[in-house]
Amino acid sequence: MSTGVDLASFLREGTKTAHNQLEEKNILKSMRATHPDLKVWLLGYQAIAVGYRHMAGVICASGFCNNDPRIPDIAATADAYKRDIDALSAEGLAVLGEPPVPPALTSPSQVFGAVWCLNGSRFGARVLLATAEREFGTKATRYLSALRQQHAAPSKIKKKRRNAAVQDPHPQGIEHTEALKGAQATFAYFTEIADAIWRVKQ
C-alpha cells in the first residue's frame with residue numbers, strides 16, 4: 001500500500017520511536033556522554049559496526065537493489081566496518097563472538113527500507129568521528145575507517161542522485177508499508193546487537 005505522503009517522510013515518521021529507543025540503549029547512550037569512556041565507546045562502535053555489516057550483507061545478497069546508486073557505498077562501508085572489527089579483535093577488544101542472525105528481507109520494498117536506514121547513518125558517522133577525534137585521538141580513530149568512509153564524499157555518486165530514491169515521487173513499485181517493515185527490521189536488529197553487547201559488558 002502507498003500513501004499520499006512522500007516516502008522519506010513516511011519512513012522517518014514510522015521509525016521515529018524505534019530510532020529513539022535505539023539511541024537510548026545504554027551502550028549507545030554512553031557514547032554521547034560529555035567525556036565518554038574509551039572502552040565503552042568502542043563497545044558502542046562495535047554494535048554499530050556489526051549491525052551495519054550484517055544488514056549490508058542481507059541487502060547485497062538479496063539482489064533486489066542492484067541498480068540503486070547507494071549500494072556501492074554501502075558495500076564499501078560494510079567492508080570498512082569489517083576491517084575495524086578485525087582490528088579490534090586483534091587487540092582483544094572485540095566482545096561479540098557470534099552476532100544475532102539478521103532479519104530476512106523478502107521484497108524489494110523491504111530491502112529499500114533497509115537501504116534507507118543505512119544510507120541515513122552518514123550524519124551520525126560524522127558526529128561520532130568528531131567525538132572520537134576530540135576525546136580520544138588515535139587511541140580510537142585507528143579503529144574507525146568506516147566512519148571516515150561514510151564521512152568522505154561518496155564514490156562517484158552525487159548527492160542529488162543519492163537522495164533521488166527517497167524523494168517524492170518514490171521509485172516505481174516501492175510500497176510504503178513494506179519499505180517501513182524493512183526499515184523497522186533494521187532498527188530492531190541494531191537494537192538486538194546493542195543489547196547483546198551490553199550484556200557481555202555486564
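Trainee: Which residues of α2 and α11 meet?

Mentor: In this predicted model, Ala18, His19 and Leu22 in α2 meet Phe187, Phe190 and Thr191 in α11, where contact means heavy atoms within 4.5 Å. Helices are DSSP runs (H or I, at least four residues) numbered from the N terminus. Residues are numbered from 1 along each chain as its sequence is written. Local features need pLDDT of at least 70, side-chain atom pairs count only at pLDDT 80 or more, totals for chains, interfaces and linings use all residues, and side-chain values use heavy atoms, with hydrogens and water left out.

Trainee: What makes α2 roughly parallel to α11?

Mentor: The axes of α2 (residues 16-23) and α11 come within 10 Å and cross at roughly 15°. These axes are lines fitted to C-alpha atoms over the stretch in contact, with angles from 0 to 180 degrees between N-to-C directions. Angles under 35 degrees count as roughly parallel, and therefore α2 is roughly parallel to α11.

Trainee: Why is Gln46 called buried?

Mentor: Its relative accessible area is 3%, and buried means under 20% (1.4 Å probe, protein chains only); therefore Gln46 is buried. Gln46 lies in helix α4 and, leaving aside neighbours within four places in sequence, is in contact with Leu88, Leu93, Ala94, Val95, Leu96 and Ile197.

Trainee: How many residues has the largest nonpolar core?

Mentor: That core has 59 residues. A nonpolar core is a set of buried Ala, Val, Leu, Ile, Met, Phe, Trp, Tyr and Cys residues joined through side-chain atoms within 4.5 Å. Trp41 is among those with the most contacts inside the core, and the largest share, 14 residues, comes from α4.

Methods. Buried means under 20% relative accessible area, exposed over 50%, partly exposed in between (1.4 Å probe, protein chains only). Helices (H or I, at least four residues) and strands (E, at least two) are DSSP runs, numbered from the N terminus. Angles under 35 degrees count as roughly parallel, over 145 as roughly antiparallel, 65 to 115 as roughly perpendicular and the rest as oblique.
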